[in-house]
Amino acid sequence: MKIGLHIADFIYPSGPPGLAGDLTRIVTTAEEAGFARVSVMDHLWQISVLGPPEHEMLEAYTTLGYLAARTSRVEILAWVTAVTYREPGLLAKIVSTLDVLSGGRAWLGIGAGWYEQEARGLGLPFPPTAERFERLEEALQICLQMWSEDDGPFHGKHYQLERTLNSPQPLRKPHPPILIGGGGEKKTLRFVARYAQACNLFPGPELAHKLDVLRAHCDAEGRDYDEIEKTVMLPLDPGANGEKAGALLEQLQELAQLGVAEAHGIVPQMHRIEPLEILGRDVIPAAAEL
C-alpha cells in the first residue's frame with residue numbers, strides 16, 4: 001500500500017511570510033520519507049471541517065507548480081478539482097503543463113464540486129447538481145481528447161471547442177492518470193469505471209459496498225476492475241512520538257484486505273516535520289508490505 005500526503009491547512013506559526021519555506025520543508029521531507037503522492041485541495045476558501053472560510057488558502061495549481069519545482073519523485077495532484085472552476089480546455093492545458101514541468105508526475109484529480117458558498121462568494125460558476133455532473137463527464141471527455149492525437153472539435157451539451165489542440169502533450173503516457181473523487185453510486189462510480197485510473201472513497205462500513213458498486217459498473221462498461229486504483233482518504237496520525245503508528249497500521253491492513261492501494265490524508269501538525277519523519281520510519285515501509 002502507498003501512502004499519500006494531503007496538504008489542506010496553510011496556517012503555520014511562521015504565517016504567510018514563511019509559508020513558502022514551510023511548504024518546501026513539508027514536501028521535501030515527505031518525498032524523503034517515502035510518500036508516493038502529495039496533493040492540495042482545489043479550494044479558494046477553507047472548508048468548514050478544517051476551519052472558518054477566512055483561514056489562509058492557496059490556489060491549487062499555482063501551489064502544485066511550486067511543489068513540483070521543489071521535488072523530483074512524488075506524484076502531484078489537486079484532490080480534487082471542482083469541474084466548474086476552470087473551463088475544461090484550460091484545465092487540460094494546466095495539467096499538461098504541470099506534467100511536463102514536473103517530469104511526468106502530474107495526475108488529474110477531479111469531481112463535480114460542492115462548495116457553493118465559496119463559488120457564489122467569488123463569482124464562480126456553480127450550476128445545479130445534475131448539470132455539474134453533465135459538465136464533469138464532458139470535461140473528462142475533453143481532457144482525454146486533448147491528451148490524444150485527435151485535435152478536432154468537441155461538441156457537447158455544455159462545452160463547444162473548435163479545435164482541441166494541446167502542445168506540448170503531457171509526458172505521462174498515454175496521459176496523466178485520472179482520479180475521480182466521490183462515492184456517488186449512480187454517476188460518480190460509473191464515471192470512474194468509464195474514464196478513470198483511480199477512485200477516492202472514505203473508510204467505514206460503506207466502503208466494501210461502494211467497491212461492489214464500482215465492480216458492477218466495471219462489468220457493465222467492460223472494464224477490468226483491477227485496473228482501477230482504489231484510494232481512501234483518512235487522517236494519518238502517528239502520534240506525537242509514534243504511539244499511534246500501530247493502530248494506524250492495523251487500519252491500513254483492513255483497507256488493504258479490501259483492495260485499497262493507497263491511503264491518502266492529512267498528517268496533524270505536519271509543519272513540525274517530525275510527524276512526517278515518524279510515518280516514514282514506522283508506517284510507510286510496513287504499509288508497503290501490505
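## A charge over a ring

K230 lies over the face of Y225, and the distance to the ring centre is 3.6 Å. This placement, like every other feature described here, comes from a predicted model. A further case of a charge and a ring involves R135, whose charged end sits over the ring of Y159 at 5.1 Å from its centre.

## The sheet

Nine strands make up an open sheet with parallel pairing, and their order across the sheet is β3-β2-β1-β11-β10-β9-β8-β5-β4. The edges are taken by β3 (75–78) and β4 (81–82), and because each of these has a single partner strand, one side of each is left without a neighbour in the sheet. In general, strands of a sheet pair through backbone hydrogen bonds, and the pairing can be either parallel or antiparallel.

Within this sheet, strand β8, which covers residues 178–181, runs parallel to strand β9, which covers residues 198–201, and three bridges join the two. Helix α6 (residues 188–195) packs on the sheet, where it touches both β8 and β9, and its direction makes about 170° with that of β8. As for individual residues of these strands, L179 stands opposite A198 in β9.

## Aromatic pairs

A search of the whole structure finds three aromatic pairs. In one of them, W45 and Y115 are arranged edge-to-face, with 6.5 Å from centre to centre and 85° between the planes. This pair links distant parts of the chain, since W45 belongs to the loop between β2 (37–40) and α2 (60–70), whereas Y115 belongs to the loop between β5 (108–111) and α4 (116–122), and the two residues are 70 residues apart.

## A ring pair within helix α6

Helix α6, the helix that packs on the sheet against β8 and β9, holds an aromatic pair as well, formed by F191 and Y195. Their ring centres are 6.2 Å apart and their planes stand at 65°, so this pair is edge-to-face. Because F191 and Y195 are four residues apart in helix α6, about one helical turn separates them. Both F191 and Y195 are buried.

Notes: Residues are numbered from 1 along each chain as its sequence is written. This is a predicted model: local features need pLDDT of at least 70, side-chain atom pairs count only at pLDDT 80 or more; totals for chains, interfaces and linings use all residues. Side-chain values use heavy atoms; hydrogens and water are left out. Two strands pair if DSSP finds at least two bridges between them. Contact means heavy atoms within 4.5 Å. Axes are lines fitted to C-alpha atoms, for helices over the stretch in contact, and angles run from 0 to 180 degrees between N-to-C directions. Rings of Phe, Tyr and Trp (its six-membered ring) pair if their centres lie within 6.5 Å; planes under 30 degrees apart count as stacked, over 60 as edge-to-face and the rest as tilted. Buried means under 20% relative accessible area, exposed over 50%, partly exposed in between (1.4 Å probe, protein chains only). A charge sits over a ring if NZ of Lys or CZ of Arg is within 6 Å of the ring centre and within 35 degrees of the ring normal.
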